[in-house]
Amino acid sequence: MGKRRFENKTAIVTGAGKGIGFEMAKSLLEEGAKVILNDVDEALCEESARKLSEFGNCLAFPGNVATAEFNQELVDFAVSKTGGLDVVMANAGITLFGSFLDYQAEDLYKVLQVNIGGTFFLAQAAGKYFIANKRRGSILFTSSVTGHQAHKDLAAYGMTKAAIELLAKHLVLELSPYGINVNAIAPGATLTERTLEDPEYKRIWANLTPIGSAAYPIDIAQTALFLVSEDAKHITGQTLVVDGGWTSVSPSPFE
């Protein structure tokens, strides 16, 4: 077995109770990292951390990432339990579908608080820790192809994903002088527990995706690990789209 890229490193992964976040956490553990797993669903968070503990040191820290206070507590917990912090994956996000003309204010504020606020404040708390401790670190945001192409009933969600990609660019100015890189990953259609609730999802996206299949969570996770590894230390402010070529042609599932 070759050298594990994250040996003796600590990573935080938010929104990791299932789906892409869970696979990110699992992949980090398999490569030697100690992982702090977050999810808003407390029972799911605890159960997922327990399952992943067979792969390494995985600790649960449940809660809503929507506030600055929670994200500071999350970073403090990671440092207190493992002795440091090296990688942050701000993966938590919510999708609330709705047409633009009928979209409710309370739904917009929820999406903004979690998708933008949760990403912004986790990066802020981690950045402060990295700088204060003279520690190189890597920060990764989870965006979406909906931040690049319009999608029916996802104006609010897509807006937040475009915003965090621009945030990654702005943080190049703030964090690069300290050796911290910040990037984003934009998954396309992915076969997760949530999407597979639709029995037609796999077939539809296989037909729409130029490469012939929607992504599996491992496809996203392995790309994410590259972006927070030493192999990508000279990459910052970028968004890597992982969509099997969908955004190059962008056929709609609603046509």
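Guide: In helix H6 (residues 201-208), the buried residues are Tyr201, Trp205 and Leu208. Seen down the axis of H6, these buried residues fall within an arc of 60 degrees, so they line one face of the helix. The arc is that of the directions from the helix axis to the C-beta atoms. Buried means under 20% relative accessible area, exposed over 50% and partly exposed in between, with a 1.4 Å probe and protein chains only. Helices (H or I, at least four residues) and strands (E, at least two) are DSSP runs, numbered from the N terminus.

Visitor: Why can residues three or four places apart point the same way?

Guide: An α-helix has 3.6 residues a turn, so such residues point the same way.

Visitor: What covers the buried residues of H6?

Guide: The cover includes helix H8 (246-249).

Visitor: What should I know about the source of the model?

Guide: The model is predicted: local features need pLDDT of at least 70, side-chain atom pairs count only at pLDDT 80 or more, and totals for chains, interfaces and linings use all residues. Residues are numbered from 1 along each chain as its sequence is written, and side-chain values use heavy atoms, with hydrogens and water left out.

Visitor: How many helices and strands are there in the protein chain?

Guide: The protein chain has eight helices and seven strands. Its radius of gyration, taken over C-alpha atoms, is 17 Å, close to the 18 Å that the globule rule gives for 255 residues, so the chain is as compact as a globular protein of that length. That rule is 2.2 Å times the number of residues to the power 0.38.

Visitor: What percentage of the residues is buried?

Guide: Buried residues make up 49% of the 255 residues.

Methods. Contact means heavy atoms within 4.5 Å.
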